[in-house]
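Please walk through the aromatic side chains of this protein, including any contact between a ring and a charge.

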Amino acid sequence: MQSLAMIENWPVPTAAAAVVTSDGTLLGTYGPTAHRFPLASVTKPLAAYAALVAYEEGAVELDEPAGPEGSTVRHLLAHTSGLAFDEHRVTAPPGTRRLYSNAGFEVLGDHIAKATEIPFPEYVRQAVLEPLGMTSTTLEGSPAKDGVSTVDDLVRFAAEVQAPRLLDPRTVLEAQTVVHPGLKGVLPGYGHQNPNDWGLGFEIRDSKSPHWTGLSSSPATFGHFGQSGTFLWIDPAAGAACVALTDRAFGPWAAEVWTPFTDAVLAELGASR
């Protein structure tokens, strides 16, 4: 895919990208796809997928209590537990506001570790990374932000999410469906959004503006971006997913280049149909 070469002009030391279709076909790659990059918050979809494996295995229930009083596993996955961004401090009743929370994912990891009697990073490895052959991916620390991976590995994950083998497809569909519709909130780096839609560990594009995906991205697009200059989106309307990893912290540069990049990828996908 020629559009992937646009990352050559990004103001970053190192970047790699790839596109994979819903049937697992790798349409193109660019850059050092085996290079290991810190994922920052792109860690969250991996952690969420492991949480959904724990749910399907019967270790936890989505609506069982977890976190602050009145909060559940579902609230933690959907950033509606009321926990603050990076503090284990309650700032709103559960289910009333979309408060993006690293702390919530850390509480989620602790909850699953207690339920399974397996440290959460090890559970992620056993439940997601090992079965998908993601041998270059590690999680040592916070399930909210401490993953390290490669484009090659995240392509495997993106293919799995589009055509699930580890989970029932109905569970993955629920993960990409809005939880607690209509809630306002702040999308980090992009300001207040009304609504600020989220699924179970995946952010949902819907009608958010501004946004880190493309102007032509479908409202059903879901995924995540990270403060380390990383993103993964899946656009069901395009039948494809895109991964881009860099080693420069998110900032105005990313907002400037990510949207035209995604629009170029989508245009090339459309032209190839």
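In this predicted model, the charged end of Lys-44 is placed over the ring of Phe-105, at 5.9 Å from the ring centre.

Contacts between two rings come next. With ring centres required to lie within 6.5 Å, the model has 16 aromatic pairs. One of these is formed by Tyr-190 and Phe-225, with 5.7 Å from centre to centre and 85 degrees between the planes. Because planes over 60 degrees apart count as edge-to-face, the pair of Tyr-190 and Phe-225 is placed in that class. Tyr-190 belongs to the loop between strand 6 (185-187) and strand 7 (191-193), while Phe-225 is in strand 9 (residues 222-226), so their pairing ties together parts that are 35 residues apart in sequence. Tyr-190 and Phe-225 are both buried.

Tyr-190 also pairs with Phe-250, and here the geometry is tilted, with 5.8 Å centre to centre and 50 degrees between the planes. Phe-250 lies in the loop between strand 11 (240-246) and helix 7 (252-272), and its pair with Tyr-190 links distant parts of the chain, 60 residues apart. The relative accessible area of Tyr-190 is 9%, which means that Tyr-190 is buried. Phe-250 has a relative accessible area of 15%, so Phe-250 is buried as well; the cut-off for buried is under 20%.

Ring pairs join Tyr-190, Phe-225 and Phe-250 with Trp-10, Trp-212, Phe-231, Trp-253, Trp-258 and Phe-261 in a cluster.

Definitions and conventions
Residues numbered from 1 in each chain as written. Predicted model: local features only at pLDDT ≥ 70, side-chain atom pairs only at ≥ 80, totals over all residues. Heavy atoms only, no water. Phe/Tyr/Trp six-rings, centres within 6.5 Å; stacked < 30°, edge-to-face > 60°. Helix = DSSP H or I, 4+ residues; strand = E, 2+ residues; numbered from the N terminus. Buried < 20%, exposed > 50% of the residue type's maximum accessible area, 1.4 Å probe, protein only. Lys NZ or Arg CZ within 6 Å of the ring centre and 35° of its normal.
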